[in-house]
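Please examine the sequence and the structure shown below. The paragraphs that follow lead from individual side-chain pairs to the arrangement of strands and helices.

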Amino acid sequence: MPAMSFLSDVPSTWEVLPDAFVRGISLVTIPNSGIAPLLQLCEALHSTQFEEPEVIRLRQMAQARYMLQFAASQSPHYRKTLAGLDIDTACASPEAWRTIPILTRSDLQRADPPIFPEYMPIGHQVASEVQTSGSTGQPVRVRKSAFSRLFFRALAIREQAWHQRDITKKLASIRANVKKESRENWSSAVSHIFRTGAYDCLPFVDITEQLAWLAKVQPHYLLTYPSNLLALLNAAAEKSLRLENLIEVRSIGETLSTDLRERCEDQWSVKVSDLYSSEEVGNIACQCPENGRYHLMEENLVVEVLRDDGTPCAPGEIGRIVVTDLHNFATPLIRYDIRDYAEVGEPCTCGRGLATLNRILGRHRNMLRTPEGEVRWPLTGFHNFDEVTPVRQYQFVQSERDLVEATLIVDEPLTPDQRAALEGIIRKALQWDHRLTVSDQCTPLAVGVNGKFEDFVSHV
Ligand SMILES: [Zn+2]
């Protein structure tokens, strides 16, 4: 049985900030008002993770009942879509739950009638609004409550604790929409309660500049997007650059492939831990420290993985992800189709009752559709490109049912032999006998406005 105290179980390097507790009180330890709710939530999440799946499910449905009742009365959108729904019945069984209508991104985007509630429950207030651009250029607006931000922080802290990170070490992050800066602490959720090490941050500048920056900063932890990690690995291999202090790479923002994970582990001898999140609902799943499965953040979200017919996928099956945010009253997201696909996992052997995913596969538009009618997640074969020539970046676009166009970013124009060799690798990886064009260029491909990049996009 795990110990049930968060603060006594955190890694030994985690030192509580000196002003975390009220001083001069001997009767009881009282956290300062600024961190008390966060600490309380960390404490709760420390024990709920080990509850039995049935208990977790019951808790979820008790909270879902609040959310549905609130949405049905305060949100014009749900007043319409949940009209006539018996909420108690809907929350009483998984079958009944699935009669609740799915919220699509288009519904959310149209927002007619508005989804935002007219009043907030006592103790909740709107704290911020995010506008997500999305890879298909359909922006949606989601308001976040202060409490949902609190949940986000507590889950982020738990993820750090799972991986036993030494938060006194140096963290570097390379990501979109940030400015270059150095700070004295990690400036992340964990820094609200604990003393953290230095933090250096860089936007997506030229890859050579990124490498030079990393060589100077020499971080212990590196946080970045998978596509950027690939570019870094390629550039570092060429310069034989090793990041001597590096302990772990943390990937966010895009789908992390097994290929890339292995490549990073081989080349830099560090582990890669991935976090699956979305701007709309925050952390959805993070990797189990013991076996790499993705644990769902079920205290905050109901996550369903559904087949095309709407029934739940069994372990090993791939389906679309539908999420319900249990705590963000500022924008009720009930059975929201987040448009990602994932493979359902078995219950984890680590003792945590939180359900698992084996892998996250990305968007519907990242699937290959063959003229024969097969639909599958494509392998691009980039692991083998280096046998022919260094490929800095690549993107495959399926523009027609029988046509895939590959664009490879290389330093020197491809020779006919190289092109033929690369075409062979791509055909084999994609299992593709139809039309394939391979073009090369020296200028990098642009990433989306959110800094995200998709290496396979289907337009069919
Ligand atoms: Zn686990």
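With which residue does Glu 280 form a salt bridge? The partner is Arg 105, and the closest N and O atoms of the pair are 3.2 Å apart. The model in which this pair is found is a predicted one. In total, the structure holds 23 salt bridges.

Is Arg 110 buried or exposed? Its relative accessible area is 55%, and the limit for an exposed residue is over 50%; Arg 110 is therefore classed as exposed.

A further salt bridge joins Glu 181 to Arg 183, with 3.0 Å between the closest N and O atoms. Glu 181 has a relative accessible area of 23%, and Arg 183 has one of 38%. Because both values fall between the limits of 20% and 50%, the two residues are partly exposed. Elsewhere, salt bridges with shared partners connect Glu 129, Arg 141 and Arg 143 into one network.

The strands may be considered next. In general, the strands of a sheet pair through backbone hydrogen bonds, in either a parallel or an antiparallel manner. In this model, 12 strands form an open sheet with mixed pairing, and their order is β4-β5-β3-β6-β7-β8-β9-β10-β14-β13-β12-β11. The edges are formed by β4 (181-183) and β11 (301-306), each of which pairs on one side only. On average, neighbouring strands of the sheet are turned by 35° against each other, direction ignored.

Strand β12 (residues 318-325) and strand β13 (residues 336-344) run antiparallel and are joined by five bridges. Val 322, for instance, has Asp 337 in β13 as its bridge partner.

Finally, helices lie across part of the sheet. Helix α9 (residues 207-217) lies across β3 (171-174), β5 (199-202) and β6 (221-224), and runs at about 170° to β3. Helix α10 (residues 226-238) lies across β3, β6 and β7 (248-251), and its angle to β6 is about 125°.

Key: Residues numbered from 1 in each chain as written. Predicted model: local features only at pLDDT ≥ 70, side-chain atom pairs only at ≥ 80, totals over all residues. Heavy atoms only, no water. Salt bridge = Lys/Arg side-chain N within 4 Å of Asp/Glu carboxyl O. Buried < 20%, exposed > 50% of the residue type's maximum accessible area, 1.4 Å probe, protein only. Pairing = 2+ DSSP bridges. Helix = DSSP H or I, 4+ residues; strand = E, 2+ residues; numbered from the N terminus. Axes fitted to C-alpha atoms, helices over the stretch in contact; angles between N-to-C directions. Contact = heavy atoms within 4.5 Å.
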